[in-house]
Amino acid sequence: MAEKIVRYSKEDRETKQELDRSWSDLLPELLCLVSSHLLAGDFITFRSICKSWRSSTSLIRPVPPFIDSPHSLSPCLMSIGYPKCKFFHPTYYGTCETHIPELLGARIRFSKYGWLLLSRDEDDYNDYNIFFFNPFTKVKIELPNYIEERAFTTMCFSSPPTSPNCFVLGICGWYIFGIIKPGEKHWTYRIIFENSKFEPSHCNPILYEGLCYCLGKKGDIGVFDPNSNPSKWTTYYVTTEPHRRNYLVESDGKLLALFEGNEEETLIHVFELLPKLQTIKEIKPSKMVWRRLRNLGNRMLYISLGGSFLEPVVARGTGNKIYLPLIQHNKNIFYSLSTSMYQSFNGDYSSTNTYNVEEVQNCCWIQAMPTQTSNQDQDFEW
């Protein structure tokens with residue numbers, strides 16, 4: 001009887017010791033698995049619990065697949081390389097690589113609605129192949145080629161390519177633009193009367209309320225009517241802040257302009273076009289009013305030359321930030337409007353400039369639309 005009591009007491013002590021084990025004693029592999037499901041603010045909180053939890057996050061977190069998974073509804077930075085495409089998620093360390101043969105040798109021109117607009121040199125180098133591709137459904141839509149002498153500097157499209165109202169627009173320098181609509185077999189080229197004071201930047205144009213908007217190299221913006229032939233540049237000033245690159249973003253009826261500072265001025269300035277009532281006869285606004293935005297609130301900006309958009313916050317700690325096509329040791333770099341610093345979620349990167357940071361080439365931010373879950377447009381033809 002005494003032996004049983006001693007045995008039971010020993011077992012009880014061992015059981016109690018197991019129950020009293022510290023959370024810090026959890027296996028690193030288990031902690032890493034848990035942290036892989038946390039984003040932004042929750043991940044930062046996880047790392048601050050204790051030393052062992054923080055050290056566990058130094059392990060490689062499993063990078064989720066971005067194609068054919070729920071993660072495709074979350075914006076990611078896509079880069080076309082050779083021979084594989086890379087995907088970077090803002091809140092994860094590392095990359096996801098996948099082979100997409102349709103995109104070999106292609107250059108990203110524009111991205112929106114989950115679609116890529118791409119170009120590729122033909123074998124004879126006189127024609128450029130242009131096509132749409134949806135990386136989530138693998139649907140490819142070929143467009144008529146355009147000739148090299150009409151090579152487009154920048155391009156955009158108005159709506160999803162499966163829409164009958166979609167049209168593609170490309171700008172050649174600052175005096176000619178090309179346009180093509182579904183069912184057309186050739187590009188139509190139109191003239192834009194030159195404005196000696198305006199020089200378009202390499203930022204992609206944006207189609208907004210029936211007009212085409214292009215940022216200039218001097219902090220100004222040029223507007224023309226793509227339905228007119230000939231058309232004419234009308235220019236307005238947005239900012240005199242020094243900058244090395246700019247971006248236009250249209251989202252939910254709002255038009256934003258971003259100016260990325262130069263080596264001396266590293267801040268990113270954001271401006272929003274204020275709405276203005278116009279008369280029916282007033283095709284172009286006689287005056288534009290741009291307001292400086294110092295806080296995005298519960299919104300996030302994703303910017304790249306290939307495509308930019310504005311999104312509501314999906315996870316704690318991700319708002320009021322501008323996500324850039326910048327990578328440092330496989331970590332995505334963002335700009336915080338709260339701190340005016342370049343930072344990353346995974347790691348301790350924090351800087352007032354972008355030195356020692358890699359700029360991803362031939363890339364764009366992309367996000368699947370909720371309806372893009374099947375190859376429903378597989379047989380669509382332009």
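Okay, let's start with a definition: two strands pair if DSSP finds at least two bridges between them. Helices (H or I, at least four residues) and strands (E, at least two) are DSSP runs, numbered from the N terminus.

This is a predicted model, so to speak: local features need pLDDT of at least 70, side-chain atom pairs count only at pLDDT 80 or more, and totals for chains, interfaces and linings use all residues. Residues are numbered from 1 along each chain as its sequence is written, and side-chain values use heavy atoms, with hydrogens and water left out.

Now, the sheet. Five strands make an open one, in the order β8-β9-β10-β11-β15, with mixed pairing. At the edges you'll find β8 (154–157) and β15 (231–232), each pairing on one side only. β11 and β15 run parallel, joined by two bridges, and Ile192 stands opposite Ser231 in β15.

On to the rings. Rings of Phe, Tyr and Trp (its six-membered ring) pair if their centres lie within 6.5 Å; planes under 30 degrees apart are stacked, over 60 edge-to-face, the rest tilted. We have 22 aromatic pairs here. Take Tyr146 and Trp187: centres 5.9 Å apart, planes at 80 degrees, so that's edge-to-face. Tyr146 is in strand β7 and Trp187 in the loop between β10 and β11, so the pair ties together parts 41 residues apart in sequence. Both Tyr146 and Trp187 are buried (under 20% relative accessible area, with exposed over 50% and partly exposed in between; 1.4 Å probe, protein chains only).

Then there's Tyr302 with Tyr323: 4.9 Å between centres and 20 degrees between planes, so they're stacked. Both of those, Tyr302 and Tyr323, are buried.
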